[in-house]
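Work through the exercises below with the sequence and the coordinates open. Each task is followed by a solution in steps.

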Amino acid sequence: MNYFPDEVIEHVFDFIASHKDRNAVSLVCKSWYKIERISRRRVFIGNCYAISPERVIERFPELKSLTLKGKPHFADFNLVPHDWGGFVQPWIEALVKHRVGLEELRLKRMVISDESLERLSKAFVNFKTLVLVSCEGFTTDGLAAIAANCRFLRELDLQENEVEDHRGHWISCFPESCTSLVSLNFACLKGDINLTALERLVARSPNLTSLRLNRAVPLDTLQRILMRAPQLVDLGTGSFLHDPASGASSKLKATLLKCNSIRTLSGFLEVSPRCLTAIYPVCQNLNSLNLSYAPGIHGHDLIKLIQHCRKLERLWILDSIGDKGLGVVASTCKELQELRVFPSDPYGAGNATVTEEGLVAISAGCPKLHSLLYFCQQMTNAALITVAKNCSNFTRFRLCILDPIKPDPVTMQPLDEGFGAIVQSCKRLRRLSLSGLLTDQVFLYIGMYAEQLEMLSIAFAGNSDKGMLYVLNGCKKLRKLEIRDSPFGNTALLTDVGKYETMRSLWMSSCEITLVGCEILAKKMPMLNVEIINDEDDIAPSSEDILRVGKMYLYRTLVGSRKDAPWFVDIL
Amino acid sequence: MSSSHHISLKMGRGTSCSSSSIESSTEQQRKDLSTDLRLGLSISTSSQHHNTSFSREHQPSDWPPIKPLLRKALEAEENESNSATFFVKVYMEGIPIGRKLDLLAHDGYHDLITTLDHMFNTSILWSEMDGSYSDRNYHVLTYEDKEGDWMMVGDVPWEMFLSTVRRLKITRA
């Protein structure tokens, strides 16, 4: 490949966007490695502790866009203590020190302070995009710094973060000269917002296509905002309540008739069902609808709404829709590709839930479905087998039965055969979460058939080490394995230690592994960080438990143990 | 489907660490578990000895696996709908002793009529029903509004009804 001058090869590489492809390209030969690294603009780091910021910057000096992920996935469910780690500060310091022309920063499950946000806003003149997903450690003061200092800000996207809210003045910090906003999402903020400042900001942002409001923005403000921004493509409403006598609803409906670009709709953080008729005009063109934060909409009104949404490709909803409601979805939404059904009453007695019936109806009615997250009351093998027959296109299949070890209620059998059918039929399956009563048999099936599987989540499943070994031996493309409350012990952990270097990470909590087993592993594999996370509340484990490990998180790394681990984490 | 949704996983671990002995002991525990399930406060091995059964006040924060923000939003909605009440008197024609009913415990008119049908063991006509019915077994539902007038239930939006209703009366059709 020395026929072409470097500039030509570099030009060809410009067309290669995916980081996986660029990684592959860089391995071909020294010359391609060199050209690729100089030309790479977007860098994705799946585990911030796998590499150091200095080495990333050294290899990719022209980097403009950085994506970092910190805590393990189970941190989303309160399984990882706060202060475990995932601090972005050293990265920002390194980027500043080496004068990187950073324009975009995307963080997931990381800790970012107000000081870091302020540093970010002042150090990088061309900073355009900040996306924070499931992050913590900052307040609205940090957001004020971003608003005030980033002159060319295009995207400020806050998804499901824990933000300490010092009450709304941050919106007023966008200077009058800031007219570049394309995307603004502050739905997760809990506090009040300066409504006038918000309206003025929208009025001077002609390129704004995505706007997601928080609960503090009332319906009449929404209506005025929509008058100013009929070009919106993605809308998240705030509060959707009004006095029926006020006429605000019909005013909104009239305004929405002019907003014919809206394709994505979410929000309804507070809602009175009568107001929903106002959004019917928008429904016929919707591709994506997220009602998972709207428990105020009940089954009846939900169904009426969905009947208007014939072009829906993505639907996130609460299980208050019921099996019958899912039947309506199946007959209305023929373009559906992704469905998520969340539990509306996580501990409840099963009033508002869905069962295997709803899922079967969806699988029969929606031929394009490939991504599923389904919280349900129960599931049967027969239903899973039918779903596998109807839909062999699944790339993501996540099932969660609210009672985590519930067998098939009809046959009282484990759900091994049902999940077996899924993995056998769905040859492109990349992500799988299991649920219900499950034996080692299901893992035998997964090891045998799930050839493309990259991420597997296991909870309360299996009988013995054989289960985990089937998976480790069989799934060649496995990158992330997370296990809780399952009887896998040291034999499973230690049989194939080389496997962990081919994966990003392994999480095991409340399993049968012991400290001794983890120590052996750490000794054999210096390229892995083996972290033992002790419960912050633990004073002294009882004598029985002294050998067993509560939570273990291991990941491959090029930079050895991290120096920022808190007192309750032991790195072996 | 048990209505008291207590799930407990006494996934009791044996003290031995060898996997072969675990296999048989977990099988036994599985059988126990399928009959009696109560989910402890935390299911990690270090707090096995907690084994506390939970009421609605002590729910595990790590199951089911939903994000904290969603969990809080759902709990807030539940508290709102549980704590507010609005009891009104309901009289049936010919019966001097009335009943009391919490209107806020209902989603809307359909829900309310269902409750009243059960409470008074009858079938109630209201403004949204169509078709003709024989007079024999049916009653009509009316309400007294803020102005003291008696109106047919069902004509105005539910929220507006809630803001104006003072009491209910069921009369023969």
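Contact means heavy atoms within 4.5 Å. Helices (H or I, at least four residues) and strands (E, at least two) are DSSP runs, numbered from the N terminus. This is a predicted model, in which local features need pLDDT of at least 70 and side-chain atom pairs count only at pLDDT 80 or more, while totals for chains, interfaces and linings use all residues. Residues are numbered from 1 along each chain as its sequence is written, chains are lettered from A and ligands numbered from 1 in the order in which they are written, and side-chain values use heavy atoms, with hydrogens and water left out.

**Exercise 1. Find which residues of helix H10 of chain A are buried, and what covers them.**

Step 1. Apply the cut-offs: buried means under 20% relative accessible area, exposed over 50%, and partly exposed in between (1.4 Å probe, protein chains only). In H10(A), residues 248–257, this selects A:Ala248, A:Ser249, A:Leu252, A:Thr255 and A:Leu256 as buried.

Step 2. Look down the axis. An α-helix has 3.6 residues a turn, so residues three or four places apart point the same way.

Step 3. Check the other side of H10(A), where A:Lys251 and A:Leu257 are exposed.

Step 4. Identify the cover. It includes helix H9 (219–228), strand S11 (239–240) and helix H11 (280–283) of chain A.

**Exercise 2. Repeat the analysis for helix H15 of chain A: which residues are buried?**

Step 1. H15(A) spans residues 381–390, and its buried residues are A:Asn381, A:Ala383, A:Leu384, A:Val387 and A:Ala388.

Step 2. Their arc around the axis is only 160°, which places them on the same side of H15(A).

Step 3. Among the elements covering them are helix H14 (356–365), strand S18 (396–401) and helix H16 (416–425) of chain A.

**Exercise 3. Describe how helices H17 and H18 of chain A cross.**

Step 1. Two packed helices are described by the angle between their axes and the distance between the axes. Axes are lines fitted to C-alpha atoms, for helices over the stretch in contact, and angles run from 0 to 180 degrees between N-to-C directions.

Step 2. The axes of H17(A), residues 440–449, and H18(A), residues 465–474, come within 8 Å and cross at roughly 5°.

Step 3. Angles under 35 degrees count as roughly parallel, over 145 as roughly antiparallel, 65 to 115 as roughly perpendicular and the rest as oblique. H17(A) and H18(A) are therefore roughly parallel to each other.

Step 4. List the contact. A:Asp440, A:Phe443, A:Leu444, A:Ile446 and A:Gly447 of H17(A) meet A:Lys466, A:Gly467, A:Tyr470, A:Val471 and A:Gly474 of H18(A). The contact has five nonpolar, three polar and two charged residues, where Ala, Val, Leu, Ile, Met, Phe, Trp, Tyr, Cys and Pro count as nonpolar, Asp, Glu, Lys and Arg as charged, and the others, Gly among them, as polar.

**Exercise 4. Which non-glycine residue has a phi near 55°, and is it buried or exposed?**

Step 1. The residue is A:Phe268, with a positive phi near 55°.

Step 2. A:Phe268 sits in the loop between strand S12 (264–266) and strand S13 (270–271) of chain A.

Step 3. A:Phe268 is buried, at a relative accessible area of 1%.

Step 4. For a second case, take A:Asn78, whose phi is positive at about 65° although it is not a glycine. A:Asn78 lies in the loop between strand S2 (65–69) and helix H5 (89–97) of chain A and is partly exposed, with a relative accessible area of 37%.

**Exercise 5. What is the fold order of chain B, and how confident is the predictor in chain B?**

Step 1. Chain B has four helices and six strands, which run α-α-β-β-α-β-β-β-α-β from the N terminus on.

Step 2. The mean pLDDT (the predictor's confidence in each residue, from 0 to 100) of chain B is 68, and 58% of its residues reach 70 or more. Over residues 1–57 of chain B the pLDDT is below 50, and this stretch has 114 contacts in the model beyond near neighbours in sequence.

Step 3. Where pLDDT is low, the predicted coordinates should not be read in detail.

Step 4. Locate the cis peptide bond, which runs from B:Trp63 to B:Pro64 with omega near -5°. B:Pro64 lies in the loop between helix H1 (19–35) and helix H2 (68–83) of chain B.

Conventions: Arc of directions from axis to C-beta.
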